[in-house]
Amino acid sequence: MLTSPSSANPLLKLKKNASQELNWIIAVFAVSGFNALFFARNLPNLQLFVLGTMVMLVGVGVIVYQRLQVLREMEQQHENLYQSLKNRIARFRHLMRLHDYMGVGALALVVLAAALARQTDLLKYLQPSGIDWGWHWLVAGMGVVAVLGLMYAGYAVGKLEHQRRYGRYLDQLEATLRELEA
């Protein structure tokens, strides 16, 4: 089952999904580079943001490329096939978690960049000079909680997408390995 070229082969589906994801990352990287060169050439803050985005894309691209390497290693025959596949499945899941953490880091950088861009306005808003000083802090606190909630929602959605795209096929492989063990 693991080396068959049928459409039910979970390794082929994993490899197809990882290849498509890598192609999308390369395309977005190219568009970001185009954006930095042509549209943001006179805006240093936007150039830094695009540069940060490109660095994050490189990080995610490296993770996806490592996933493809793990899948290629899974396709090869080893003396202890069971242990080899088990280790590679664990490594693949670790790379999926790392990708989720990179997504949260990217969201945190976007929020930080937005906060730094509006730093003077935010500090002016939170000055204790007005009557509604407590109200301003309450609104700012609720804004922070809302942003953190949106970041967690993004993490949860990304995790569900990984489960849909990769997890079910890894589960099939693990079930096959359990059948082989029994």
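A pocket is an open set of grid points where a 1.4 Å probe fits, with protein on both sides within 12 Å along at least five of seven lines, and its lining residues have an atom within 4 Å of a point. With that in hand, let's explore this predicted model.

**Exercise 1. Describe the largest pocket and its lining.**

Step 1: Start with the space. The largest pocket holds about 500 Å³.

Step 2: Find the residues around it. The lining has 20 residues, and those nearest the centre of the pocket are Glu 21, His 99, Gly 103, Gly 158 and His 162.

Step 3: Trace the lining back to the helices. At least two residues each come from helix 1 (10-39), helix 2 (44-75), helix 3 (81-117) and helix 5 (133-181). Helix 3 has the largest share, with seven residues.

**Exercise 2. Work out which element gives the most to the lining of the second largest pocket.**

Step 1: Note the space, about 310 Å³ in the second largest pocket.

Step 2: Look at who lines it. Among the lining residues are Val 111, Tyr 125, Trp 137 and Val 147.

Step 3: List the elements that give two or more residues: helix 3, helix 4 (119-125) and helix 5. Helix 5 gives the most, seven residues.

Step 4: Sort this lining too. It divides into 10 nonpolar and two polar residues, with no charged ones.

**Exercise 3. Classify the aromatic pair of Phe 92 and Tyr 166, and say which parts it ties together.**

Step 1: Count the aromatic pairs in the structure; there are three.

Step 2: Check the geometry. The rings of Phe 92 and Tyr 166 are 5.5 Å apart, centre to centre, with 65 degrees between the planes, and the pair is edge-to-face.

Step 3: Locate the partners. Phe 92 belongs to helix 3 and Tyr 166 to helix 5, so the pair ties together parts 74 residues apart in sequence.

Step 4: Look at the surroundings. Phe 92 and Tyr 166 are both buried, and the charged end of Arg 67 sits over the ring of Phe 92, 5.9 Å from the ring's centre.

**Exercise 4. Decide how the rings of Tyr 152 and Tyr 155 are arranged.**

Step 1: Read the two values. The centres are 6.2 Å apart and the planes stand at 40 degrees, so this pair is tilted.

Step 2: Place the residues. Both lie in helix 5, three residues apart, about one turn of the helix.

Step 3: Check Tyr 152 for exposure. Its relative accessibility is 58%, so Tyr 152 counts as exposed.

Step 4: Widen the view. Ring pairs join Tyr 152 and Tyr 155 with Tyr 101 in a cluster.

Key: Residues numbered from 1 in each chain as written. Predicted model: local features only at pLDDT ≥ 70, side-chain atom pairs only at ≥ 80, totals over all residues. Heavy atoms only, no water. 1 Å grid on protein atoms, 1.4 Å probe; cavity = no way out; pocket = protein on both sides within 12 Å on 5 of 7 lines; lining within 4 Å. Points joined across faces, edges and corners; volume = space filled by probe spheres on them. Helix = DSSP H or I, 4+ residues; strand = E, 2+ residues; numbered from the N terminus. Nonpolar A, V, L, I, M, F, W, Y, C, P; charged D, E, K, R; others polar. Phe/Tyr/Trp six-rings, centres within 6.5 Å; stacked < 30°, edge-to-face > 60°. Buried < 20%, exposed > 50% of the residue type's maximum accessible area, 1.4 Å probe, protein only. Lys NZ or Arg CZ within 6 Å of the ring centre and 35° of its normal.
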